Amino acid sequence: MIVFFAVFLALITFWLHRRLVRATALERPWSVIADALLVVFWALAVVGIATGRGLNPSTFRPLAWLGLTWLATVLYLALGLAVVGIGAFIWRLVLRRSPNELAEPRRRRLQAIRVATAAVAVTSVALTAYGVVEAADPRVTHTEIRLADLPESFDGTRVALISDLHVGPARDADFTRRVVDLVNAQRPDLIAIAGDLTDGTVAELSGDLAPLTALRAPLGVFGVSGNHEFYSDDGGRWLDEWERVGVTTLRNQRVAVSRAGATIDVVGIHDYSAPEPYRPDLAGALAGSDPQRFRLLLAHEPRQALQASDLGVDLQLSGHTHGGQIWPIRYLVPLQQPSVEGLDRVGETTLYTTRGAGAWGPPVRVGAPPEVAILTLRRG
């Protein structure tokens, strides 16, 4: 994976060289400086991807942070420079058909390309800088969810939903501690963890989850795997580590949670894309349960609500989408998921999708601020 990424990003870097240096006829020494910066940031981005997957985060995290942040700038550069390139191509076609002297129009065209390219570069850096600040400040959001079959004893229950911390290359234990403090300050009745807590191996990143031991909720702290638990390590090992820090992991399982004489089922399944032997099995998790009992499902991806609706789940809590994380990626999310963020309905199941507290890849969020969701369950 790391080699593939390095080669792919090298091709993108070469294209950026063509658009930033060659297309603008950038002169020395600026052309040399620009190319040197492109190569340095390419190397830093590769370090970012490898950190937590062979490179020790405690040593390489500062370099990884820079490299991964650069990837957000690359996205905006690519989008902006593609538009500039298309415009320049159209202008060139027009010039070729003109019977007039071409030298002056060509000079104007080059000047226009230079101005447009500079504007794209400044805008890309500015958007990335804004996104860095946005991503560093997870905030608490409050949502009330009305549920017809919720037992009266659970009316007013406050659920804290944590997802997508992605600690590792760019985030460490301090970030985990900040999220834990945000949650505990809300004094939730139940805490749900919807996966993707880390990006890396248990050996290199387990310490970054140690602050989870401080999570407190009278009805319990429950968690399910996300897809990233399986990317760099065995997902079962990561779930074992969660258990060690006090999270009750639900591995295609359900537990009965009681309050003032009433009981609901809290059900958890593995991620939609989890490999064997961790394939999600909602039917197995529900086997033998009372179909009249209220069912709260933890499942990493919103699209798992399609099956949940068929099997009588009342409420599903998910993450995964990050709300798109970096605009305009949010417009691609519906190609895969039935919900991007917030409260939704999939068939007979109520679905809440959190934007998550962290960020995958670039520690950047644009148009999708990070959240710790506090959900108040109401009967009715």
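## A hairpin from β6 and β7

Strands β6 and β7 form a hairpin, with two residues between them. Ala260 sits in the turn and has a positive phi of about 50°. Here helices (H or I, at least four residues) and strands (E, at least two) are DSSP runs, numbered from the N terminus.

Strand β6 covers residues 253-259, and β7 covers residues 262-268. The two pair in the antiparallel sense over seven bridges. Two strands count as paired if DSSP finds at least two bridges between them. Val257 stands opposite Ile264 in β7.

## About the model

This is a predicted model: local features need pLDDT of at least 70, side-chain atom pairs count only at pLDDT 80 or more, and totals for chains, interfaces and linings use all residues. Residues are numbered from 1 along each chain as its sequence is written, and side-chain values use heavy atoms, with hydrogens and water left out.

## The open sheet

Six strands form an open sheet with mixed pairing. Their order is β1-β12-β2-β3-β4-β5. Which strands are at the edges? They are β1 (139-147) and β5 (248-249), and each pairs on one side only.

Strand β1 runs parallel to β12 (residues 371-379), and nine bridges join them. Val140 stands opposite Val372 in β12.

## Around strand β3

Strand β3 spans residues 190-193. Four bridges join β2 to β3, and these strands run parallel. Val159 stands opposite Leu190 in β3. Three bridges join β3 to β4, again in parallel. Ala192 has Phe222 in β4 as its bridge partner.

Leu190 and Ala192 point one way from β3, while Ile191 and Ile193 point the other way. All four are buried. Buried means under 20% relative accessible area, exposed means over 50%, and partly exposed is in between (1.4 Å probe, protein chains only).

Where is Ser163? Ser163 lies in the loop between β2 (157-162) and α5 (173-185). Ser163 has a relative accessible area of 0%, so it is buried.

The side chain of Ser163 makes a polar contact with the side chain of Asp164 (2.5 Å). A polar contact is a pair of N or O atoms within 3.5 Å; within protein, one must be able to donate a hydrogen and the other to accept it, and residues adjacent in sequence count only if both atoms are side-chain atoms. Not counting residues up to four places away in sequence, Ser163 touches several residues, including Ala194, His300, His320 and Thr354 (heavy atoms within 4.5 Å).

## Aromatic rings

The structure holds four aromatic pairs. Rings of Phe, Tyr and Trp (its six-membered ring) pair if their centres lie within 6.5 Å; planes under 30 degrees apart count as stacked, over 60 as edge-to-face and the rest as tilted. The rings of Phe230 and Tyr278 have centres 5.4 Å apart and planes at 45°, so this pair is tilted. Phe230 is in the loop between β4 (221-223) and α7 (235-244), and Tyr278 is in the loop between β7 and α8 (282-286), so the pair ties together parts that are 48 residues apart in sequence. Both Phe230 and Tyr278 are buried.

The rings of Trp327 and Tyr331 have centres 6.4 Å apart and planes at 85°, so this pair is edge-to-face. Trp327 is partly exposed, at 44% relative accessibility. Tyr331 is exposed, at 56%.
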